[in-house]
Amino acid sequence: MRSRYLAGAAACAVTAMLVTACSSGGSSSGGGSSGSTSTTATFAEEPGAAPDYIFPMLTGTYYSVANIEGFQRLSYRSLYWIGKNGQPVVDTTRSLAGIPTYSHNDTVVTITMGNWKWSDGTPVTTRDVAFWLNLLQANKKNFAAYIPGEFPDSMKSFKVDSPKQIVLTLKHPVNPTWFTYDQLSQITPIPQQAWDKTSASGKVGNYDETPAGAVKVFNFLTAQSKQISTYGSNPLWHVVDGPWKMVAYNTDGYVKFAANPAYSGPDNHKLKFFVEQPYTSETAELNVLRSGHSLSYGYVPLQESSQTKVLSGQGYTAAPWNSWGINFFLLNYNNPTTGPIVTQPYVRQAMQSLVDEQAYIKGPMQGYGHTEYGPIPSLPANPFVDSYEKNGPWKYSPAKAVQLLKSHGWTVKPGGVSTCTSPGSGAGHCGPGVPSGAKMVFSLPYASGSVEASQMMQALKSAFAQAGMQVTLSTAPFNTIIGRLAPCKPSQSGCSWQMAFYGGGWTYGVDPYPTGDQLFATGSTSNFSNYSNPGLDRTIAATVGAKTSLQTYEDYMANNPPVIWLPMPVYQLSEIASNLHGATPQSPIESLTPENWYFS
């Protein structure tokens, strides 16, 4: 899922005016310097990335960590919960089903449900799984995680054997680890007895059992989910199987959850309420921490990491939050002007050679980050990443970038604009589709609200200028930028963007087995760059169709970057009230589990 990493903020004095710059919408007790016990914990949201979509079958526009891990999963549990003791593995105690069994040459998958209930007292059964599957099959092209050829295309049929058991028959053998971690973990059973409707006033039926009916139900639930002003009052969202039920929502992103008294999971609530608090900027959030206001779980922008000592005296404990993910900015291969240019592998190799990852880590990230040169995270330690990717075949070298462009038909003007003067295919030419006179001129919007991101983008602009690549920067809120990103064709007006950095990269959350099929496979609805490489598609297919090593895939991606890799910062430098317990270890896929938290 897409993630916006928290990092950096401008330093400024603490004043009453700045403290009130945080968005209001509710109040909470406990946490911070007060040191008092409480039944309410308050969590700081990222600026400009408030949760705004509750229906757990998201379109690409809403496919973010804020919506999935920080919002939906609090109320709606996935079939398989990823994350245990800080590692990206299945936690069976929080999963709605037991580990699946594979048979018939890994083409038959049997899933057995646990003993879970909805908040209205109805058991969570295979009918709820079938409800989700029916909606997915009829609306797959609207689901952000859909990849042509993969689930549900790979499923020949499914059969509900009983309220506890459902059997999926697949069209071909699969890698069981990949299928469990990256496919089944995306299934989120939804309450058929409450949601199988086509209108707010209509009766619940079995509409999902026909494709036409499933489309109507999906459209109804999607429309309801877009009406964010009704979240607190809409009875649809009050039927949950997770530990938390939303009781208040403001359009600025303020969310208040109450403990679900009917929760049938393994955790015993000690908190009565959990509040997600929005802020207009990282500076505003930091000022609340420094002023001693009642924020239970916040963060220090990386540019202000020295403040951890001050906050320790305020009753907070610093906890770096590392995530299982990668960082990059996007290129649009279907932009009619710049698409033919970035399609050339040597251009992307040159761009990658202009990214000084070590300098970004030491500077904007204040040392809270690590290098990433490919699609598989180098941290936390894992058996997937190899030395070729970790070492980076295209480390920082402006001279190499200039040489690559010159040897492919470009007249390079450092500090100016490089121009294609030898168009055509073959050695010494700019490449197919690149016309004579084409210029290395790009626009790059990036997410606002983070000084760390701003500093990194400004440094990148200067570095690209060394090879005559002119980059025009602009800013927009995170939600605005991801709202612009969708697979598109060159002729469409929505394909006008050239580059984009929404402030982070990708967290392998619902896809912890890092094959990259969601990100880079041709036709994937999360392939926002419109990248297409038949050879890579075959390589990805080999990793998901059998127990195949990821090495061929990761080495190809490191050498031929489809995006421009950036160093990976910590997700955030958390500041947790010293009297709040159970909040660590923090989830590698950035999930929140406040049902485990309690105050002393």
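Predicted model: local features only at pLDDT ≥ 70, side-chain atom pairs only at ≥ 80, totals over all residues.
## The open sheet and its helices

Four strands make up an open sheet, in which the order is β4-β5-β7-β6 and the pairing is antiparallel. Because β4 (101-103) and β6 (155-160) each have a single partner strand, they stand at the edges of the sheet, and one side of each is left without a neighbour there. On average, and with direction ignored, neighbouring strands of this sheet are turned by 20° against each other. Within the sheet, strand β5 (residues 108-112) and strand β7 (residues 165-170) run antiparallel and are joined by five bridges; T110, for example, has V167 in β7 as its bridge partner.

Two helices lie across strands of this sheet. Helix α3 (residues 126-139) lies across β6 and β7, and its direction is at about 150° to β6, whereas helix α4 (residues 176-183) lies across β4, β5 and β7 and runs at about 135° to β4.

## Buried elements

Helix α7 (residues 282-291) is mostly covered, with nine of its 10 residues buried; among them are E282, E285 and R290, together with A284, L286, V288 and L289. The residue that follows α7 is G292, which has a positive phi, near 85°.

When neighbours within four places in sequence are left aside, Q349 is in contact with W394, L404, N559, N560 and P561.

Strand β17 (residues 441-447) is also mostly covered, since five of its seven residues are buried. Seven bridges connect β17 to strand β18 (residues 470-476), and these two strands run parallel; the bridge partner of L444 in β18 is L473.

## Backbone geometry in the loops

The bond from F151 to P152 is cis, with omega near 10°, and P152 has its place in the loop between α3 and β6. The bond from L379 to P380 is likewise cis, with omega near -5°, and P380 is found in the loop between β14 (369-370) and α12 (387-391).

Positive phi values also occur in residues other than glycine. N105, in the loop between β4 and β5, has a phi near 60°, and its relative accessible area of 60% is why N105 counts as exposed. Q366, in the loop between α11 (357-362) and β14, has a positive phi of about 55°; with a relative accessible area of 34%, Q366 is partly exposed.

## The largest pocket

The largest pocket has a volume of about 300 Å³. Its lining consists of 21 residues, and those that lie nearest the centre of the pocket are R94, P585, S587, T593 and N596. Strand β2 (residues 81-84) gives the most to this lining, contributing three residues. Sorted by class, the lining of the largest pocket holds eight nonpolar, 10 polar and three charged residues.

Methods: Residues numbered from 1 in each chain as written. Heavy atoms only, no water. 1 Å grid on protein atoms, 1.4 Å probe; cavity = no way out; pocket = protein on both sides within 12 Å on 5 of 7 lines; lining within 4 Å. Points joined across faces, edges and corners; volume = space filled by probe spheres on them. Nonpolar A, V, L, I, M, F, W, Y, C, P; charged D, E, K, R; others polar. Pairing = 2+ DSSP bridges. Axes fitted to C-alpha atoms, helices over the stretch in contact; angles between N-to-C directions. Contact = heavy atoms within 4.5 Å. Buried < 20%, exposed > 50% of the residue type's maximum accessible area, 1.4 Å probe, protein only.
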